[in-house]
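Let's take a friendly walk through a protein model together.

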Amino acid sequence: MTGILLDQEFDLVIDVVRDSSGKIKSGLVLGNIDYQRCHMITIAQKGDIKGAPTLGFGIENYMRGVVIDNNQKFKTELQKELKADGINAEVIVSADGTEFKINQK
């Protein structure tokens with residue numbers, strides 16, 4: 001999906017382009033936002049995204065140190081939140097529960 005890109009601190013990526021008279025022709029950078037959508041949904045708590053207050057996985061609620069306690073619940077809930085935003089993805093959790101990966105289908 002194409003949209004407005006954000007940097008690592010979730011600030012807008014801006015690249016100002018001016019015409020010959022100095023007027024701004026463009027500034028916001030557009031690109032593929034699939035990664036940042038997954039990232040934002042994964043870290044957001046419910047209520048953090050004002051336009052969609054019921055959307056958000058809240059990964060810190062699932063983490064205990066560096067190990068995910070319940071792999072199946074983690075995968076199911078994260079896939080459900082991603083799907084609510086239109087992202088069809090598979091969540092893969094490592095056998096020891098220390099890493100996860102999101103594969104878009």
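The paragraphs below go from the core to a helix, then to the salt bridges and the surface.

Keep in mind throughout that this is a predicted model. In soluble globular proteins, nonpolar side chains tend to be buried together. Here the largest nonpolar core has 13 residues, and those touching the most other members are Ile41, Phe57, Phe74, Leu78, Leu82, Ile87 and Val91. Two or more residues of this core come from each of α1 (34–43), α2 (71–84) and β7 (89–93). To see how one member is surrounded, select Ile41: beyond its neighbours within four places in sequence, Ile41 is in contact with Leu55, Gly56, Phe57, Gly58, Glu81, Leu82, Asp85 and Ile87.

Next, look along helix α1. Which of its residues are buried? They are Asp34, Gln36, Arg37, Cys38, Ile41 and Thr42, and the elements they pack against are β1, β4 (30–32), α2 and β8 (100–104). Thr42 counts as buried because its relative accessibility is 6%, below the 20% cut-off. Leaving out residues within four places in sequence, Thr42 is in contact with Phe57, Gly58, Ile59, Leu78, Phe100 and Ile102.

Arg37, also in helix α1, deserves a stop of its own. At 15% relative accessibility, Arg37 is buried too. Apart from residues up to four places away in sequence, Arg37 touches Met1, Asp85, Gly86 and Ile87. Its side chain forms a salt bridge with Asp34, with 3.7 Å between the closest N and O atoms. Both partners sit in α1, 3 residues apart, or about one turn of the helix, and both are buried. A further salt bridge joins the side chains of Arg37 and Asp85, at 3.0 Å from N to O. Arg37 lies in α1 and Asp85 in the loop between α2 and β7, so this pair ties together parts that are 48 residues apart in sequence. Asp85 is partly exposed, with a relative accessible area of 29%. The two residues also meet in another way: a polar atom of the Arg37 side chain lies 2.5 Å from the backbone oxygen of Asp85. Taken together, Asp34, Arg37 and Asp85 are linked in a network of salt bridges.

The model has 4 salt bridges, and one of them is found in helix α2, between the side chains of Glu77 and Lys80 (3.6 Å, N to O). Glu77 is partly exposed at 24% relative accessibility, and Lys80 is partly exposed at 47%.

A nonpolar patch of about 650 Å² is made by Ile4, Leu12, Ile14, Val16, Ile24, Leu28 and Leu30. Strands β2 (14–18) and β3 (24–28) each supply at least two of its residues. Ile4 belongs to strand β1 (residues 2–4) and is partly exposed, at 38% relative accessible area. Thr2, also in β1, is exposed at 63%. Thr2 touches Leu30, Gly31 and Ile33, not counting residues up to four places away in sequence.

Most residues other than glycine have a negative phi. Phe10, in the loop between β1 and β2, has a positive phi near 65°. Phe10 is partly exposed, with 33% relative accessibility.

Terms used
Residues are numbered from 1 along each chain as its sequence is written. This is a predicted model: local features need pLDDT of at least 70, side-chain atom pairs count only at pLDDT 80 or more; totals for chains, interfaces and linings use all residues. Side-chain values use heavy atoms; hydrogens and water are left out. A nonpolar core is a set of buried Ala, Val, Leu, Ile, Met, Phe, Trp, Tyr and Cys residues joined through side-chain atoms within 4.5 Å. Buried means under 20% relative accessible area, exposed over 50%, partly exposed in between (1.4 Å probe, protein chains only). Helices (H or I, at least four residues) and strands (E, at least two) are DSSP runs, numbered from the N terminus. Contact means heavy atoms within 4.5 Å. Patches are made of residues with over 30% relative accessible area and no salt bridge: like charges are joined within 9 Å, nonpolar side chains (Val, Leu, Ile, Met, Phe, Trp, Tyr) within 5 Å. Accessible areas come from the Shrake-Rupley method with a 1.4 Å probe; for residues, only the protein chains shown count as cover. A polar contact is a pair of N or O atoms within 3.5 Å; within protein, one must be able to donate a hydrogen and the other to accept it, and residues adjacent in sequence count only if both atoms are side-chain atoms.
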